[in-house]
Amino acid sequence: MDKEGLVRRIVEKQSFLCVGLDPDPDKMPPSFNGDVLAFNRSVIDATRDYCVAYKPNTAFYEALGIDGMLILQETIAYIGKDHFVIADAKRGDIGNTSRYYARFAFDTLGADAITVAPYMGADSVGPFLDYPGKWAIVLALTSNSGSADFQHTVQEGDNVPLYAKVMRRVAEWGDPDRLMFVCGATQAEKFAELRDLCPDHFFLVPGIGVQGGDLAAVCRYGMNPSCGLLVNSSRGILYAEDPGAAARGLQRQMQEAMKKFCPELSR
Ligand SMILES: O=C(O)c1cc(=O)[nH]c(=O)n1[C@@H]1O[C@H](COP(=O)(O)O)[C@@H](O)[C@H]1O
């Protein structure tokens with residue numbers, strides 16, 4: 001799905017919600033009897049009208065072995081072509097290896113995008129950006145406490161945090177039609193700065209719900225005229241008493257935010 005298709009769906013749904021499909025058999029309702037595919041299908045059925053994207057995190061499927069790979073493929077096939085699909089795998093290796101990670105995400109799984117760690121540099125990210133019609137979503141400022149260890153650090157004498165250097169440099173490798181950045185909702189106080197650094201790129205924003213990120217602040221400081229945000233919730237929807245109602249609640253908040261911060265897309 002290209003950027004135009006993504007923005008069109010955001011306008012149609014009045015939502016920039018991404019539902020994270022991180023199924024934990026220990027947390028699934030007992031009625032599913034451990035059937036991860038059936039659980040995913042029921043979550044997709046309940047949420048598809050309120051979201052524009054799904055983000056299966058491959059860890060939850062890899063942990064299930066061969067069955068998990070099949071469930072992941074079938075889940076993505078079940079989502080269909082009307083939603084943007086992000087394989088959250090946080091890959092990145094020497095170019096020759098990244099090419100095969102890209103093949104897995106885009107050809108084997110049929111995802112639209114994959115999350116990528118930038119640490120190994122341009123040749124490790126390039127193979128994802130070289131794929132026609134597909135997206136790389138590069139980690140910029142993550143939602144976890146460990147983001148302080150490297151991402152927030154500054155080199156003596158330049159006062160520029162590492163995440164800002166990463167965003168500036170990575171933005172030279174791919175235009176906003178093919179490249180997004182991961183910016184955690186728990187870092188909402190940095191969103192004005194993040195938006196200044198990359199005014200036109202979409203941000204994938206995980207960390208609302210269980211991690212306590214601030215959706216209102218993310219919208220206020222992070223939206224741009226094309227919306228510019230995909231906000232993810234995984235556990236907050238998957239394990240809600242009513243996943244459909246949880247997704248609808250977020251969709252309504254997003255619709256309000258669109259009215260305020262990108263009225264030209266609002267209905
Ligand atoms: O790349 C990600 O999606 C990601 C980046 C980040 O900084 N923080 C983060 O939580 N994530 C992922 O987003 C999802 C968040 O899940 P919940 O906290 O359950 O909503 C998980 O799949 C995480 O692996």
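A nonpolar core, as the term is used here, is a set of buried Ala, Val, Leu, Ile, Met, Phe, Trp, Tyr and Cys residues joined through C-beta atoms within 7 Å. Keep that in mind as we walk through this predicted model.

Let's start with the overall form. The protein has 12 helices and 8 strands, and its C-alpha atoms fill a box of roughly 60 × 45 × 35 Å along the principal axes. A compact globule of 267 residues would have a radius of gyration near 18 Å, and the protein agrees because its own value is 18 Å. Of the 267 residues, 46% are buried. Among contacts with a separation of 6 or more, 71% join residues 24 or more positions apart.

Now step inside. The largest nonpolar core holds 82 residues, and those with the most contacts inside it are Leu17, Ile137, Val138, Leu229 and Val231. Strand 5, residues 135–141, gives the most to this core, with 7 residues.

Finally, turn to the ligand. Which residues are the closest to it? They are Thr142, Ser143, Pro206, Ser234 and Arg235, out of 20 residues that surround the ligand. Strand 8 (229–233) and helix 11 (235–238) are the elements that give two or more residues to this shell.

Key. Residues are numbered from 1 along each chain as its sequence is written. This is a predicted model: local features need pLDDT of at least 70, side-chain atom pairs count only at pLDDT 80 or more; totals for chains, interfaces and linings use all residues. A residue is buried if 20 or more other C-beta atoms lie within 10 Å of its own, exposed if 12 or fewer, and partly exposed in between; C-beta atoms are placed from the backbone. Helices (H or I, at least four residues) and strands (E, at least two) are DSSP runs, numbered from the N terminus. A residue is near a molecule or strand if its C-beta atom, placed from the backbone, lies within 6 Å of it. The radius of gyration is taken over C-alpha atoms; the globule rule is 2.2 Å times the number of residues to the power 0.38. Two residues are in contact if their C-beta atoms, placed from the backbone, lie within 7 Å.
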